[in-house]
Amino acid sequence: MAITKIQAEGIHYTRLNQMIRKAAGSGAEEIILEGVMGQRFIADGLTGSVQITIHGVPGGDLGMFMRGPTCVVYGNAEHAPGNTMDDGRIIIHGSSGDATAHSMRGGEIYVRDDIGYRGGIHMKQYQDKRPVLIIGQEARAFLGEYMAGGIILLLRRGRNDSFSQRGIGSGIHGGLIMIRGRVDEWYLGVGARKHEASKDDMDLVIPYIREFCNLFSEDPSSYLSSVFTCIRPASARPFVNKYTWE
Amino acid sequence: MCGIIGVIDRHRELMDGSTIRNALAVMDERGSGEGSGYVAYGIYPDYADLFAFHLFYDTLGQPKTQVEELLENWGMIEHDEEIPTCEQPGMRKVHIPWRYFFRPNRKLMLHSSTPDDDIVTRVVMEINTTIPGALVFSSGKNLGVFKASGWPREVADFYRIQDYEGYIWLAHNRYPTNTSGWWGGAHPFNLLNWSVVHNGEITSYGTNKRYIESFGYRCSMFTDTEVVAYLMDLLVRQHHLPLNLAVRALAPPFWDEIDRMDGHEQELNRAIRLIYGSAMMNGPFAIIVALEDSIVGFSDRIKLRPLVAGTHEDRLYISSEEAAIRTMEPAIQDIFMPEAGEPVIGRVIA
C-alpha cells in the first residue's frame, strides 16, 4: 500500500492541505499526519478513497465538504468535524467538540468517547444520502438541534441512568435520534417526541453498532441487549405555523 | 469569533510569556490581526504593594500632564516609565504605552472600607472619560495588561512578553465584529485586580451597562467586555459573593430548571435571579476572569461559544481550543469540557 508520511508540526493548514492533496493526487492510499496541533480544515473538500491518519488534535471543521475519504484521528477533534460532509468516514479515537457533524449530509462519523453541544445540528438527508453520527459515550445539550435527516446514535457506554441534557432534537423536522436507555420527556426540545425503539428501529442501527464496536474493539452485546429511546419530529411538519401561515 | 486562553499555577510558580504567545498563535484564525493582548500576575514584585497603571498616550504632552496632575491629587507616583516596546514590521505604534506605580492617599476616601480601590477606580474612570489622548487599560497590583492592534505573535513580541514572569496569564486574540479594532478595544480588560478575556457578544450590554453605571462605573471602551470586569468587581469585591455565585448571577440557570430544583437550591437560585436580574448576561460568550488569587472560566448557559479546560500538576488551563492548551503543556492528560454556564475555578493555595 502506498503510504505517505507528513510531519505536520508547525505547518499552517493551507500548506498542510496542499501537501495532502498532492500526496492523494499522486496515488497515496494512506496519508499519515504526525504532530497535528490545531490545524483547521484538514481534508476539506477532498474526494477519492484515501485514508488520512491523524496523530494529534485536528482543528475545527475536519473533513468539511469531504466526499469519500476516511479520516482516522488518534486524539480529540475540535469543533464541527464532518461539517457538511458528503461521503466518507471520520473515526475519532477520542472525543470531539461542539457541533460535531454540523449539517452533515452523507457518510459516517464514529466518535469513541464524547461529543460537545449541538451534535448533529442541521443534519440532513436526500434519497440514498443518509448521514450517520455514532457516539460511544456522552453528548451534551441540543443534540440533533434543527435536525432534518440522518441518524444520530448515542451509546452511552457504561451509563444506566437516563440521559439528562436539555433540548434534545430542538426544532427537529426530520431524521432519527436514538439514545441507549431512557429519556425523560422534560429533556426533549421543541417539536420532538419520543418512543421506545421498535424492532424495525433496531434493525436499522444494529449494523452501525456492530461497525462501531468493530472499529473500537468493543463487545457489542451490552448495546444490543439494551432498550433504546427514539426521538423523532412530533409530526410531518412540526413547525408549519411557526414561521409562515397558510 | 475570538480566541481565549488562561492559566494559573496554584503554587504561584512563575511562567514567562513565551508559551502563552505560541498557544494564542495556534488560534490565529480566531482573530483578524486587529487586536491581541496578554495579562500577567506577579510581574512587578519590586512594586507589589503599588497600583501599576498602564496607559496609552496619543502624545506625551497635554494628556500626560493632566494624568499626572490627577494622580498627584489622589496620591503619589512612586515610579514611572515608558513601557519597553520593540517595533514590529506589521504593526503601527499608534499609542505610547506608559506605566506608573501609584500609591493612593487613602485619607482622601475616609468613608470607604476599601479606600485604595475606590480611589483607583475613580481615577481610572475620570481619566478614561475626561482626558482626551489618555487611556488607562490596566490598574491592578503586581500585574499588567499588554495589548495592541496586531496578531498574537506581533503583540507579544512588541511588548517582549517573554521578559515578564507571572503565575497567572490570560491571553486573547480578537476578531472585532461590532466595534472597530483599536488598541483600547483589544482584550484583556482590566480594573484593579480584575482582568477579563471574552469571546462572543453580550447582547444584554445595554441593560448591564445601565445597571453597572448606576453604581458609579463608567463604560468607556466602546465594547461589551468591560462590563464583565465591572460586574465582577461589584458582585465579588463590593457585595462579597463567592466566585461561583457571581458567575451564577451572570449566567443563571433557566427558570424551568430552577423550578425543578430542591428547596434550598431553588430558593438560592431564585434569589440570585431576582436580585441580579440586571447583571444577567445574554448572548453567546465564553469568558475567563482573573483575580490575584484565582481564575474562573465560564460560557453562556446554552454554550454558544467553545470552552475547554485541563489540569496538569499545579496548573489549570482554560481555552477556546484544546490545541492551545496542549501547545502550552504537551504532557497534559486531563482535558474536559465544562458544562454550559458552570464555572471552572482555579485558585492559588500559597
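**Exercise 1. Helix packing in chain B**

Task: At what angle do helices α2 and α3 of chain B pack, and which residues meet?

Solution: 
- Find the two helices in this predicted model. Helix α2(B) spans residues 62–74, and α3(B) spans residues 115–130.
- Take the axes. They make an angle of about 160° and lie 11 Å apart.
- Classify the angle. Over 145 degrees counts as roughly antiparallel, so α2(B) is roughly antiparallel to α3(B).
- The crossing of α2(B) and α3(B) is right-handed.
- List the residues. Val67(B), Leu70(B), Leu71(B) and Trp74(B) come from α2(B). They meet Ile119(B), Val123(B), Glu126(B) and Ile127(B) of α3(B).
- Sort them by class. The contact of α2(B) with α3(B) has seven nonpolar residues, one charged residue and no polar ones.

**Exercise 2. An enclosed helix**

Task: Why is helix α7 of chain B largely enclosed, and what covers its buried residues?

Solution: 
- Count the burial. Helix α7(B) covers residues 243–250, and six of these eight residues are buried, so the helix is largely enclosed by the rest of the structure.
- Name the buried residues. They are Leu245(B), Ala246(B), Val247(B), Arg248(B), Ala249(B) and Leu250(B).
- Look for the cover. It includes α6 (226–238), α9 (263–275) and β14 (294–299) of chain B.

**Exercise 3. The sheet of chain A**

Task: What is the strand order of the eleven-stranded sheet in chain A, and which strands form its edges?

Solution: 
- Trace the order. It reads β1-β2-β3-β4-β5-β6-β7-β8-β9-β11-β10. The sheet is open, with mixed pairing.
- Check the ends. β1 (3–7) and β10 (192–196) of chain A each pair on one side only, as edge strands.
- Compare neighbours. They are turned by 15° against each other on average, direction ignored.

**Exercise 4. Strand β9 and its partners**

Task: Which way does β9 of chain A run against β8(A), and which way against β11(A)?

Solution: 
- Strands of a sheet pair through backbone hydrogen bonds, either parallel or antiparallel.
- Take β8(A), residues 148–154. Five bridges join it to β9(A), and the two run parallel. In one pair, Ala148(A) has Gly174(A) as its bridge partner in β9(A).
- Turn to β11(A), residues 228–233. Four bridges join it to β9(A), and these two run antiparallel. Here Arg180(A) stands opposite Phe228(A).
- Check the cover. β9(A) spans residues 174–180 and is mostly covered, with six of its seven residues buried.

**Exercise 5. Where the chains meet**

Task: How many residues does each chain bring to the contact?

Solution: 
- Count by chain. Chain A brings 14 residues and chain B brings 13.
- Classify the side of chain A that touches chain B. It has four nonpolar, six polar and four charged residues.

Definitions and conventions:
Residues are numbered from 1 along each chain as its sequence is written. Chains are lettered from A and ligands numbered from 1 in the order in which they are written. This is a predicted model: local features need pLDDT of at least 70, side-chain atom pairs count only at pLDDT 80 or more; totals for chains, interfaces and linings use all residues. A residue is buried if 20 or more other C-beta atoms lie within 10 Å of its own, exposed if 12 or fewer, and partly exposed in between; C-beta atoms are placed from the backbone. Two strands pair if DSSP finds at least two bridges between them. Two residues are in contact if their C-beta atoms, placed from the backbone, lie within 7 Å. Ala, Val, Leu, Ile, Met, Phe, Trp, Tyr, Cys and Pro count as nonpolar, Asp, Glu, Lys and Arg as charged, and the others, Gly among them, as polar. Axes are lines fitted to C-alpha atoms, for helices over the stretch in contact, and angles run from 0 to 180 degrees between N-to-C directions. Angles under 35 degrees count as roughly parallel, over 145 as roughly antiparallel, 65 to 115 as roughly perpendicular and the rest as oblique. A crossing is left-handed if the near helix is turned anticlockwise from the far one by less than a right angle, and right-handed if clockwise.
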